[in-house]
Amino acid sequence: MNSITFQSTKYKSREIQLSAFGDVLISTTTLNRNLFDKNDCYVNDEACVIDEQIFYFVEENEITLPEKSLKKLLLKQIK
């Protein structure tokens, strides 16, 4: 399990290989929520850079799923 640090907080992240997309970075919806302010604008330039690196955001309990289950979930959600 990897992590992304944003505003002194670490958020879980994982790199997953999806046949249709290659290696992709995923993280949690908690991080996604903290990248934006109440007006749905990035809180700062760093938030924009981080968001552009993330392929998809999943729930906290989903990021720890076994790789096969996580891939299946991602493919189902992005279709």
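User: How many residues sit between β1 and β2 in their hairpin?
Analyst: Keep in mind that this is a predicted model. β1 covers residues 2-6 and β2 covers residues 9-18, and they pair in the antiparallel sense over five bridges. In the turn, Gln7 has a positive phi of about 50°. The count between the two hairpin strands is two residues.

User: Which residue in β2 is the bridge partner of Ser3?
Analyst: The pairing of β1 and β2 is antiparallel, with five bridges. Within that pairing, the β2 partner of Ser3 is Lys12.

User: Which strands are the edge strands of the open sheet?
Analyst: Four strands make up this open sheet, ordered β1-β2-β3-β4, with mixed pairing. An edge strand here pairs on one side only, and that goes for β1 and for β4 (56-58). From one strand to the next, the twist averages 40°. So the edge strands are β1 and β4.

User: What angle does the direction of helix α3 make with that of β2?
Analyst: Let's take the helices in turn. Helix α2 (residues 45-53) lies across β1, β3 (22-28) and β4, running at about 155° to β1. Helix α3 (residues 67-78) also packs on the sheet, where it touches β2, β3 and β4. Its direction relative to β2 comes out at about 85°.

How values were computed
Residues are numbered from 1 along each chain as its sequence is written. This is a predicted model: local features need pLDDT of at least 70, side-chain atom pairs count only at pLDDT 80 or more; totals for chains, interfaces and linings use all residues. Side-chain values use heavy atoms; hydrogens and water are left out. Axes are lines fitted to C-alpha atoms, for helices over the stretch in contact, and angles run from 0 to 180 degrees between N-to-C directions. Contact means heavy atoms within 4.5 Å.
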